[in-house]
Structure formats: C-alpha cells, structure tokens
Amino acid sequence: MSEAVHPVPADFESRIGPAELDALNHRADTDTDGFWLEQARRLDWAKAPTRAGNWSFHEADFGIRWFEDGQLNLSVNCLDRHLAERGDKVALIFEGDEPGHTQRWTYRQLYEETCRFANLYRQKGVKRGDRVMIYMPMIPEAAAAMLACARVGAIHSVVFGGFSPESVAGRIEDCDAKLIVTADEGCRGGKRIPLKANVDKAIALCPRIDAVVVVTRTGGEVAMVEGRDIRWSDVRDTLPTEAEPEVMDAEDPLFILYTSGSTGKPKGVVHTTGGYATWAATTFDWVFGATDRDIFWCTADIGWITGHSYVVYGPLMNGATSVMFDGIPTYPGPDRFWETCDRLGVTIFYTAPTALRSLMREGDAPVTKHRRSSIRLLGTVGEPINPEAWEWYWRVVGDGRVPIVDTWWQTETGGILISPVPGAIDMKPGSATKPLPGIKPLLVDANHQVLEGATSGNLCLSHSWPGQMRTVWGDHERFFQTYFTAYPGLYFTGDGCRRDEDGYYWITGRVDDVINVSGHRIGTAEVESALVAHPLVAEAAVVAIPHDIKGQAIYAYVTLNAGESGSDELRKQLNQEVRQHIGALAAPERIQFAPSLPKTRSGKIMRRILRKVAEGETGGFGDVSTLADPSVVDQLVAGRNS
Ligand code: PRX
C-alpha cells in the first residue's frame, strides 16, 4: 500500500483545524456526557435531554439508549426550524437522468410537500409507530415522503429501486408495512425501471398493504387498483400544507433499513430519533462543514444509509443545499459528474470508489474538459479506496488542491465513524485516517486479545455513540448475537483493519461472509438460497473475487442434482433466479458447476479453498487434510479452468 502523505492544502477553509480537533477529542474523553449533550444541542428539542448515553454491550444488561429523556421531531429539525431565516433557500436540487432536467426546491416548498404527505398518511390511518415503505427514484418527493413519516411518527423503510418485487415483499412482510409510496417508473441511464409494476407484484406475493401512493416521475402508463392506489397528482392539491408534528421520544424508532449480513435473510436495522439525528447532524458538520455558500452533492441513492444520512437528514438538519441525482455516473457520457458539478456549482462532492474506478478507465479528458473550480472538498464512502483511485481523484478531479475525506462507516453506525476532519489532519491515500471525536475503535485478534500499536486485526468499537443501531427489527436477540458475541463486551463491525505507526486506520474489507459489490453489501447466504431455489440445483456456495471496477464480484459454485449437467443456458437461468429473488445487483459474475463442494467431515464448506480457486490459484491451499474428500480440490481447479 502507498504510504504517501498529503498535507491539507494550505488554503482550505475550515472551522476545525488541528487545535480545534484536539480540543474536541479531549472534551470527548474527559467530559464524555457533557460532550455528547453538547452535540445533541445542535437540534431543536421539544424537551431537551438531560442524559447522554445509557448503554451496555454486555449480555446481562444489554441495551443502547441515548438522550432518552429528550423529545423532538426530526422533520421540525430538517424543515420548520429553517423557515424563518432560510425559507427561500434551496434545500434540494433535483438533477434528473437527462442533464439539465433540474428542479430547485426551497425549504418552504419541501416543508409544504412534507406536510401534504403527512396529511395523506393521516387520512389513510397511518399512526405513530406504523411502518411506511418507500420504493422511489431520487426525486424530492421521496425526501418529502421520508420527512412526512418523521412528522407523523411513522417508521419509514426505504427500499432501493434496484431490488426485485420478491425482495420488496420480504421487507413488507418483515416490517408489516401498511402503506407504500412509489413512482410510476424510475429512469436511470436512459432505461425505465417499472417501480409501480414491481410494487404490484410484491403485493401479490404479500397482500397486506392498504394503500399505494404513486408519484408521477416518467408519466408512463401504470395499472391502478381501485380503492388501494392513489395518484399523488390527484390528491396533492387537496392536501393542507401544514401538519402538526408528533412529539417523539428520543428513542422512538425513526426508520428501518434492511441490510445483508453473513447469515439468513436481510436484517432490519433500526435507528431511533434523537441519537441518529444528533449523529447525522454532527458528522455532516464535522466532516463536510457545509456553510450557506456550499452546494453539497452526495451521489448515493436514498435506498442506502448514505442517502438517508447525507442526502436527506444530515444536510437538511444543517440547513444546507443538497443535490438529489436520479442518474448514473456514465450517462449520457463519462463526464456527467463533472459537467453537473460545473452547471450546479457543486462545492462538496461525495461518491463511491467504484464510480471513480469506472470513470478512471475513460481517461482524464472527460474530467479536464470541465472546470470543476467550484469544488472545494471531495469524499468517498462504501468500500476501501485503492491508492491509485485516490491519487486520480486527488490529482485529476481535485487538481491537487482540495482535500479528500475517505469516510468509513456502516448502515449500523448511522453516520461516519472514521474519517479525516478536513483541515485538521493529513491524508494518506487508502486510509480513512482516524476516528471522529468520541469514537473508540479497537483491533482484536482471533483470541479476543486487544492489540496495541501498529498492527492488524478485526475492527471493534468499545463505546457506543449516538448513531448506533438499536436493534434488529422484530429480533433483538439476533442483534445481540450478530454484533456482540464474537468479542464479548465489544461491537464487532465485520471489517478487518490495519493501524499504522501514526495511528491511522486502513480498512481492509469484510472478514465475514459479506461481499461488497460496487459498495453494495450482499450476503453470501442470500445469493446461495436464491441459487438453490432452482429445481436442478443441489447446493451452492458463493465467494468474493477481486474486481477492477466493482471492488469485489460474486463467484458462485453450483452443484447440480445427480444426473444433471451444466450449460450456458442453465447459467442464464441461475442468474435470472438471483435477479428475481434479490435484484440485478446480486447477480454472480461467474458460475462454476462443481461436482461437489469442499467440506470438512462435519459438513462445513471450506470457503477459504473456494476463494483461492476462484482467484485462479492452482496450489497452496494449505491444510486440506480435514476435508472429507480432498480430491474435490483438484476437481474444482480443473473446473475453474475449463
Ligand atoms: O466493509 C465496510 C465498507 O462497507 C461496509 C458497510 O456497508 P454498508 O452498511 O452498506 O454501508 C455503506 C455506506 C456507509 C463496511 O463494513 N466500507 C464503507 N465505507 C468504507 C468501507 N470500507 C473501507 N473504507 C471505507 N471508507
């Protein structure tokens, strides 16, 4: 790995320099509760909290609560509080799939649209604590639909538009959603996505939804079910533009977001109101430090945590202007990002390493033909950034004049945990640098030993922070088992990590059976169960292989029922099976038919061997004596190359 050090450019304007960062760290360490309560005071509370954290990671008294005697409404914090001074300021800039298909929504407009949605929810009987599903493109109405949930105290669950109807149905069922907000169709890279038709298919599989609200995005023809489906355009103008906000307890759930783990079906990660809001607002301020002059563009979809925290909640709580982009980096051409940055005057740009790698391939010209002079800060998220991509981002996109924040965090963490505070810390390409104030990472080895100094190990956190997830929806025991049993008393992230002699953290990637494809988390178990759903498949095992653009890709081993043989046609069907059960994002890069899988005598699949074979290795498999049938390995190697 490159160990180059890039000092912060001298003319970078920042409220937090090295001395201020030291002071924050000192405060967090010496007056922890006071420090956290001070961060909470960024918000407007109906009743200010007097307690900070009240948590334990130990089984006997396990629980995580923050600011528990406080009360607030998050939509008030995102909207109402800005109306007096920033009512006419642009809150959201919608940038559609076609360049220049742009809309600017002021804080007042977003407030009114949110209240309209809130009134519709109430008309439809949605009450505090009910679940509302949002399956939408990146349009401002999607943000309003989320904020309206917060306003009436409903719990939203946003599902990424790339997930299949079956995935949507699974999530409806798991969280028992009452109402869905969707759009007629999505439109990305010139292609239509049949969102409403997918919702219909999902409800056919799981008929418990009372109402479907359909916002017009493309104007495409969609079927409407009498008595259930409501066109937003038919009702919008009849709905009042004021709606009383529900006063929520800090620990009332705000949203559920499904994410893949190493076992079983996706987990509904639950975030609550006061702590999540505090953490999204605080980290947005520390890491991006947007002022009234900034235009902030996070390219993530609202279907992921990054879109929740840094397209919608973080920017809006801070009164910033946030871009909602409903397109892809390469449409209509590989200069889309930079052309859009110039046209909209973007000052802070935050994207995923996979997008940068796909653009790097196209050379520098698509970047350099645009000025990019408005950009003053760049960021990345979602996966490790290889130093080569970092250097390209720095040198070509940033002209070597703007800092880069490589932000490490997870759906579970609610907001950024390890990242440069730009202006306060030198950067090393490929390192997320150091933990934010109040965040306590530890590296631990397989024997539960906490490792000191420059070393590598599994990344854990010893202390809670306000944005930590509180539970798995409907399965608190699974929450404890998943995160707190590998290293008792610690939260285990699932990531491996190196710490260097300067105390910088270098995330090396997942150490569990989670695959990070283009920054999207895919659980091996989910893909495997989609593959075995095919009637000819006896068994399947999937592993990650390195991929130049996606970071990792999925390599699947499939064992067929006795007497069956593999073919390209069957590969297509299996691919289709994964798309149907999960979505295109989980489709395997390669499928190898294997007569059998390498298993120990107790029946455990040895993935270590599968990974090596997938990467093209033909030897050096280590100890294979525990395999029930060691000859399987040679068959796999032969099959890899055939
Ligand atoms: O492996 C880490 C990787 O993404 C995982 C979290 O995925 P998800 O919950 O989908 O959230 C993604 C957006 C926050 C982590 O466990 N990851 C995320 N950011 C980084 C990263 N790996 C290295 N460097 C990062 N900056």
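Contact here means heavy atoms within 4.5 Å. With that in hand, welcome to a predicted model, in which local features need pLDDT of at least 70, side-chain atom pairs count only at pLDDT 80 or more, and totals for chains, interfaces and linings use all residues. Residues are numbered from 1 along each chain as its sequence is written, and side-chain values use heavy atoms, with hydrogens and water left out.

**Domains**

- The domain assignment, which is automatic or taken from a database, gives domain 1 (18-335 + 438-498) and domain 2 (518-639).
- The contact between them draws on 14 residues from domain 1 and 14 residues from domain 2.
- Taken over C-alpha atoms, the centres of domain 1 and domain 2 are 34 Å apart.

**Annotated positions**

- An unreviewed UniProt entry lists Val 532, His 534 and Val 537 under "binding site"; the positions follow the numbering used here, feature names are shortened, and annotations may be inferred rather than shown by experiment.
- Val 537 belongs to strand 29 (residues 537-547), strands being DSSP runs of E with at least two residues and helices runs of H or I with at least four, numbered from the N terminus.
- Leaving aside neighbours within four places in sequence, Val 537 is in contact with Leu 531, Val 532, Val 558, Thr 559, Leu 560, Asn 561 and Leu 574.
- Val 537 counts as buried because its relative accessible area is 6% (buried is under 20%, exposed over 50%, partly exposed in between, with a 1.4 Å probe and protein chains only).
- Val 532 sits in helix 16 (residues 524-532) and, at 35% relative accessibility, is partly exposed.
- With neighbours within four places in sequence set aside, the contacts of Val 532 are Val 537, Ala 538, Glu 539 and Ala 540.

**Ile 16**

- You will find Ile 16 in the segment before helix 1 (18-30), and its 14% relative accessibility makes it buried.
- Not counting residues up to four places away in sequence, Ile 16 touches Leu 21, Leu 24, Trp 286, Val 421, Pro 422, Gly 423 and Ala 424.
- Glu 166 is 150 residues from Ile 16 along the chain, and their C-alpha atoms are separated by 47 Å.

**Second largest pocket**

- The second largest pocket holds about 410 Å³ of space. On a 1 Å grid over the protein atoms alone, a pocket is an open set of points with protein on both sides within 12 Å along at least five of seven lines, a cavity is a set where a 1.4 Å probe fits but cannot get out, and lining residues have an atom within 4 Å of a point.
- Of its 21 lining residues, Phe 12, Glu 13, Ser 14, Arg 293 and Arg 376 are the closest to the centre of the second largest pocket.
- Helix 9 (residues 273-288) contributes the most to this lining, with four residues.
- By class, the pocket lining has nine nonpolar, four polar and eight charged residues (Ala, Val, Leu, Ile, Met, Phe, Trp, Tyr, Cys and Pro count as nonpolar, Asp, Glu, Lys and Arg as charged, and the others, Gly among them, as polar).

**Cavities**

- There are two cavities of 30 Å³ or more, where grid points are joined across faces, edges and corners and a volume is the space filled by probe spheres set on the points.
- The largest cavity has a volume of about 50 Å³, and its lining has six nonpolar, two polar and no charged residues.
- Residues lining the largest cavity include Leu 74, Met 248 and Thr 273.
- The second largest cavity has a volume of about 40 Å³, and its lining divides into seven nonpolar residues, one polar and one charged.
- Among the residues lining the second largest cavity are Phe 160, Arg 171 and Trp 304.
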